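Here are a few friendly notes to read alongside the model. Have a look at the two chains together, then work through the points.

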Amino acid sequence: MIRKLHEKLISGEITSAKLTEEYFNSISQKEKDIQAYLSLTKDLALEQANFVDEKIKRGEEIDLLAGIPCAVKDNLCLEGKRTTAASKILDNYIAPYDATVIRKIKEVGAVILGKTNMDEFAMGSSTENSAYQITKNPRDLERVPGGSSGGSAAAVASGEAAWALGSDTGGSIRQPASFCGIVGLKPTYGRVSRNGLLAMASSLDQIGPLTLTVEDAAIVLSRIAGEDEKDSTASVSFGKKYEDYLTGDVSKIKIGIPQEYLKEGLDEDVRNNFQKAVEKFKKMGAEIKEISLPYSQYSLSTYYLIMPSEVSSNLARFDGIKYGLRVDDKESSALKADGMPRTLLETYLDSREYGFGPEVKRRIMLGTYALSAGYYDAYYLKAQKVRALIKKDFEKAFEEVDLIFSPTTPETAFKVGEKTKDILKMYLSDIFTITANLAGIPAISFPISEINGLPLGGQLMGKWFDEEGVLNAAYTFEINS
Amino acid sequence: MLSEKEIKNIAKLARIGIEEKEVEGYQKDLSAILDHFKELEKLDTSQVEPIGHITGRDNVFRSDQRKEKTKEEREDILRNSPERKNNYVKVKSVL
């Protein structure tokens, strides 16, 4: 898609301004049903589009991403624009700076259409936890697009953006990609700078692309990857162009299938469709091996200890003092606080009580408990040790295989409202995706099949910093489908 | 099962106001999730180092030098505060 649009732009078949307008038309037609966007940045987009059109007119070379309209998840800071993380507590927050990834895509001439809906502070697997609106799955409007990057996934899947940026802490790029039938990539931890990403869990978060094709994901990754003096957890990169590594050949690749992921209890349709995808890889010449990840059974518990602990720390900054909602703010009359706060402590208590949604509060409470005196060793520290064991599983597995393949999710998109009453059931949606965040390895979801008309994604996980291996295998599957 | 007292204490630490009617819900939710973790207790991690940075980066330092912000940058940042006085963010009395 991106390369095709790029060809059209440089040949003069279409201008970026026209292309951008077409996307805004698509948005105005589809948004009443999809509700993918929280805010649109029309003036910025047209300014960016015109800038690229001028370059083309002058015969200057432009980047592959230049002039191509995209959507950005609303937990990424876009300078001068509303950035809410889909929370009421940031309802009036105007980002004073661009996130590093935003700066990078602006530098190559990308056109930003708007900010997309998400689960509040990226906490959720359906985008139903947004404080503002419910986003629908373009493939079936009664179903969720997945989460937390549901808005970005829905925008790409419905043609309301050519590509999008999302974030992934436990599967938040890959699961929506699977539910909406598109491609979603979570890079290796540290591959992409987190500066300007409203932090959820700092040792797990990564920013990544949601796109229509694997090549598109590779193209976007190349432009956002790299070290950053503003993010000391980001790793050094060498300006790799990942799209150059798409050979379409997996004949010498060993793919491991983790036996623990395919136990009884897995939905029969998912199992059968996944097996068909495994057969496809075999036909393409890959060697398939069964592997074991024995500690993977502890990943849900490990994740639901580490993540809320880090969340409780990261969200402490939302106190109504420096930015965001403050309950005794004269403008926040929409809140029903019983009497205005009289003390500083009450300002904190009330602002956070009314500014945060229930799932956010639940996770902060959980994390606060896990980190409190007397419990730190038993919970957080223990979980970080088990995490080391989970990582070792992958180190051992990657001595035998190059890639690991599994379904992305244990199911296809569920209906809106279906899981909101049972939080543990909602958490189980992430069971195949969280291990990649815990181990820090790259993982991609790409469409492998459909069940009753709903998309199912397959997930490839690779060695640390082997995004090209993961992308190439997914690409090979895609072109042979 | 976490007690009412424990829930109220956690809420105070987390600086989140909670209503009486919410306490039971939190007791149930938090206890259900915490039960999950009993499994981890079974594992022998006595010889395991906890994960610091998953891809092994060490501490990154920069020189201890101040980077001046421009008046506009300062304004962009301060503009977001609910109440200010000149270049100060205003809060209720601390003492």
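1. Which residues have the most contacts inside the largest nonpolar core? They are Phe121(A), Trp163(A) and Phe405(A), in a core of 162 residues. A nonpolar core is a set of buried Ala, Val, Leu, Ile, Met, Phe, Trp, Tyr and Cys residues joined through side-chain atoms within 4.5 Å, and buried means under 20% relative accessible area (1.4 Å probe, protein chains only). Helix H12 of chain A, residues 377-400, gives the most to this core, with eight residues.

2. Please keep in mind that this is a predicted model: local features need pLDDT of at least 70, and side-chain atom pairs count only at pLDDT 80 or more, while totals for chains, interfaces and linings use all residues. Residues are numbered from 1 along each chain as its sequence is written, and side-chain values use heavy atoms, without hydrogens and water.

3. Now turn to where the chains meet: 49 residues of chain B are in contact (heavy atoms within 4.5 Å) with 67 residues of chain A. In chain B, Ile54(B), Asn80(B) and Lys92(B) lose the most area to chain A, together 14% of what that side buries; buried area is the accessible area (1.4 Å probe) that two parts lose on being put together, summed over both.

4. The rule finds three salt bridges across this interface, each a side-chain nitrogen of Lys or Arg within 4 Å of a carboxyl oxygen of Asp or Glu. Arg362(A) pairs in this way with Asp29(B), with the closest N and O atoms 2.9 Å apart.

Key
Chains lettered and ligands numbered in written order. Buried < 20%, exposed > 50% of the residue type's maximum accessible area, 1.4 Å probe, protein only. Helix = DSSP H or I, 4+ residues; strand = E, 2+ residues; numbered from the N terminus.
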